[in-house]
Amino acid sequence: MEVLNKEGIKPVGYFFNPNIHPFREYERRVEALGTVAEKYHLPVIWDKKGYDLDSWFTAIGENRNVHKRCPECYRIRLEAAAQQSLKQEIETFTTTLLYSRYQRHELITEMGREIAHRHGLKFWYHDFRQGWQKGIDMAIDSGIYRQPYCGCLFSERERYKKREKRLAQSLSDTQGG
Ligand code: SF4
């Protein structure tokens, strides 16, 4: 928001995240954006589909591996942002995905530009990762919830990979096998 304000851009937020599971996590992130929107006087469009994990799992299909599912997940969300821009008659869009140090930044940029071009729109690029630590500090100071994993159930599982292995081992040991 600081970067956009400095550039004289007045953004409209769009919340569309069928990739955030389970429901309580989705709800927490909705609440967090609500707090941010209030703090920064940001108008937000909340996608009507809401907690739409069914369509997300259908779109991902068998592409569960991180290298396959993430590009598809980016595409779903960037495409939705482009569609919403067209609907609102806003010619330029960007994405909060460009803030993450954990996402495939170059791929997101390339995809954003390609999707924007296909729809006769513009993709606004900025390396928001430069404000990574500042964003964390500001969220902590303001008591805004910070996500502990990317979003989908697969990413939540990957977060606990070591614990999952330890648990499996201890269960196996308990059963003598
Ligand atoms: S890890 Fe994140 S970007 Fe990748 S599929 Fe899951 S929610 Fe989408």
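## Salt bridges and charge in a predicted model

Arg118 and Glu114 both sit in helix 5, four residues apart, about one turn of the helix. Helices (H or I, at least four residues) and strands (E, at least two) are DSSP runs, numbered from the N terminus. The model is predicted: local features need pLDDT of at least 70, side-chain atom pairs count only at pLDDT 80 or more, and totals for chains, interfaces and linings use all residues. Residues are numbered from 1 along each chain as its sequence is written, and side-chain values use heavy atoms, with hydrogens and water left out.

The protein has eight helices and four strands, in the order α-β-α-β-α-α-β-α-β-α-α-α from the N terminus.

Twelve salt bridges are found in the whole structure, a salt bridge being a side-chain nitrogen of Lys or Arg within 4 Å of a carboxyl oxygen of Asp or Glu. Three of them are tabulated here.

| Pair | Closest N to O distance |
|---|---|
| Arg118 and Glu114 | 2.9 Å |
| Lys122 and Glu91 | 3.4 Å |

Glu79 is buried, at 15% relative accessible area, whereas Arg118 is partly exposed at 47% and Glu114 is partly exposed at 40%. Here buried means under 20% relative accessible area, exposed over 50%, and partly exposed in between (1.4 Å probe, protein chains only).

Lys122 pairs with Glu91 in a salt bridge. This pair links distant parts of the chain, 31 residues apart: Lys122 is in strand 4 (residues 122-123), and Glu91 is in the loop between helix 4 and strand 3.

Phe93 lies in strand 3 (residues 92-93) and is buried, with a relative accessible area of 6%. Beyond its neighbours within four places in sequence, Phe93 has contacts that include Leu78, Ile115, Lys122 and Trp124, contact meaning heavy atoms within 4.5 Å.

Arg159, Lys162, Arg163 and Arg166 form a positive surface patch. Patches are made of residues with over 30% relative accessible area and no salt bridge, with like charges joined within 9 Å and nonpolar side chains (Val, Leu, Ile, Met, Phe, Trp, Tyr) within 5 Å. Helix 8 (residues 161-174) gives the most to the positive patch, with three residues. Lys162 is in helix 8 and is exposed, with a relative accessible area of 68%.

Methods:
Accessible areas come from the Shrake-Rupley method with a 1.4 Å probe; for residues, only the protein chains shown count as cover. Lys and Arg count as positive and Asp and Glu as negative; His and the chain ends are not counted. The place of a charge is taken as NZ of Lys, CZ of Arg, CG of Asp or CD of Glu.
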